[in-house]
Number of protein chains: 2
Amino acid sequence: MTDSRLDRQLAFVRELDRLKAVLRRTRLMDGSRMENSAEHSWHLASMALLLHEHAAPGLDLLRTLRMLLVHDVVEIEAGDTFCYDPAALEGKDERERLAAERIFALLPGDQARELRDAWDEFEAGSSVEARFAVALDRLQPLLLNLANQGGTWVEHGVGVPEVRARMEPIRGGAPGLWPLVERLLRDAVELGYLTSARN
Amino acid sequence: MTDSRLDRQLAFVRELDRLKAVLRRTRLMDGSRMENSAEHSWHLASMALLLHEHAAPGLDLLRTLRMLLVHDVVEIEAGDTFCYDPAALEGKDERERLAAERIFALLPGDQARELRDAWDEFEAGSSVEARFAVALDRLQPLLLNLANQGGTWVEHGVGVPEVRARMEPIRGGAPGLWPLVERLLRDAVELGYLTSARN
């Protein structure tokens with residue numbers, strides 16, 4: 001092992017620190033501040049540990065954790081894109097692809113490829129693991145918004161159809177969690193956190 | 001599977017959100033604010049993904065990740081204890097044990113036992129995985145303090161002997177990283193971030 005291999009690993013470890021400064025639109029459950037993408041990634045990985053029995057059969061938990069730990073690192077450069085803003089979504093894929101090129105290239109070649117493959121797999125939803133990871137990435141903000149009397153839904157006037165469409169990947173990615181999602185969406189409407197159409 | 005099993009899993013997932021509000025003594029690398037224990041846990045798990053080749057032989061990466069993801073959850077109740085404050089360290093073990101009793105009990109029995117075992121193993125350093133996890137938990141604040149011109153060492157007048165003693169578990173837990181630690185400590189002294197004795 002050469003020093004330069006470890007130096008490259010450390011350069012990436014230092015780069016990761018910047019994800020703690022990337023703010024999402026969702027607030028913590030206590031409403032005190034916006035969530036950042038690093039702590040969000042930790043929450044999702046911990047959820048995978050606890051909820052993987054609700055995934056489709058054949059899930060490899062280690063591959064899922066690897067994917068969840070790195071799924072947002074491109075935001076270090078590309079920023080978080082609000083999922084209910086069509087204008088912001090424009091160009092998101094290209095911005096994130098360019099960010100992935102630069103950030104993963106900090107690593108030694110074998111690790112750059114491994115993490116880039118994991119990120120591509122997550123983005124494409126091309127495996128049981130990726131579809132479960134995406135499902136958790138949709139469920140978690142639902143829990144946070146519910147704890148915040150509707151949170152970003154209310155602030156941005158998002159309606160049931162948009163949220164339901166956003167949650168749709170949970171149906172196949174985490175079949176055991178779909179009845180819960182249906183229940184939570186009904187609760188959100190009953191509590192007045194979600195309206196039947198965009199304002 | 002009963003609803004109550006999923007309800008208990010969700011109760012724990014919601015509880016986890018509170019770890020994002022537990023502040024550590026260390027600043028982010030850009031110095032902008034204190035790090036919280038949730039994003040710290042994400043950073044460590046990501047480091048394990050990248051650096052596990054530097055551990056002692058025979059490491060199970062999945063077990064390491066499980067341990068790192070949950071190693072700080074007791075701080076939700078017990079708070080973060082500053083490692084260079086002997087008075088604060090008094091009673092830490094008992095505070096954290098009581099917190100573990102309550103927090104893990106939110107989960108279904110099998111998962112409560114699994115995570116409690118992982119936490120006990122980390123605390124005791126009783127496996128290759130635990131010793132590697134502890135090593136990363138020591139290395140990460142070293143990197144953050146170096147990026148902050150000495151950070152908490154300077155603020156609290158901590159000297160080389162204390163930091164060296166604190167880093168000692170890296171020697172056995174991540175043998176491949178020990179030469180790096182020696183080098184970083186020399187750098188810290190040369191740069192004036194660490195003095196040879198407590199002020």
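**View 1. Elements from both chains cover helix H3 of chain B in this predicted model.** The cover over the buried residues of H3(B) includes helix H2 (37–51) and helix H3 (61–70) of chain A. From chain B, it includes helix H2 (37–51), helix H7 (109–124) and helix H8 (128–147). H3(B) spans residues 61–70 and is mostly covered. Eight of its ten residues are buried. These are Leu61(B), Thr64(B), Leu65(B), Arg66(B), Met67(B), Leu68(B), Leu69(B) and Val70(B).

**View 2. Asp60(B) caps the N-terminal end of H3(B).** Look for a side-chain oxygen of Asp60(B). This oxygen lies 3.0 Å from the backbone nitrogen of Leu62(B).

**View 3. H3(B) crosses H8(B) in a right-handed way.** From H3(B), the contact uses Arg63(B), Thr64(B), Met67(B) and Leu68(B). From H8(B), the contact uses Glu129(B), Ala130(B), Phe132(B), Ala133(B) and Leu136(B). The two axes come within 9 Å and cross at roughly 50 degrees. An α-helix has 3.6 residues a turn, so residues three or four places apart point the same way.

**View 4. Leu139 and Trp153 of both chains stand out in the largest nonpolar core.** This core holds 136 residues. Leu139(A), Trp153(A), Leu139(B) and Trp153(B) touch the most other members. Now focus on Leu139(A), leaving aside its neighbours within four places in sequence. Leu139(A) is in contact with Met47(A), Ile170(A), Leu177(A), Leu180(A), Val181(A) and Leu184(A).

Note on methods. Residues are numbered from 1 along each chain as its sequence is written. Chains are lettered from A and ligands numbered from 1 in the order in which they are written. This is a predicted model: local features need pLDDT of at least 70, side-chain atom pairs count only at pLDDT 80 or more; totals for chains, interfaces and linings use all residues. Side-chain values use heavy atoms; hydrogens and water are left out. A nonpolar core is a set of buried Ala, Val, Leu, Ile, Met, Phe, Trp, Tyr and Cys residues joined through side-chain atoms within 4.5 Å. Buried means under 20% relative accessible area, exposed over 50%, partly exposed in between (1.4 Å probe, protein chains only). Contact means heavy atoms within 4.5 Å. Helices (H or I, at least four residues) and strands (E, at least two) are DSSP runs, numbered from the N terminus. A polar contact is a pair of N or O atoms within 3.5 Å; within protein, one must be able to donate a hydrogen and the other to accept it, and residues adjacent in sequence count only if both atoms are side-chain atoms. Axes are lines fitted to C-alpha atoms, for helices over the stretch in contact, and angles run from 0 to 180 degrees between N-to-C directions. A crossing is left-handed if the near helix is turned anticlockwise from the far one by less than a right angle, and right-handed if clockwise.
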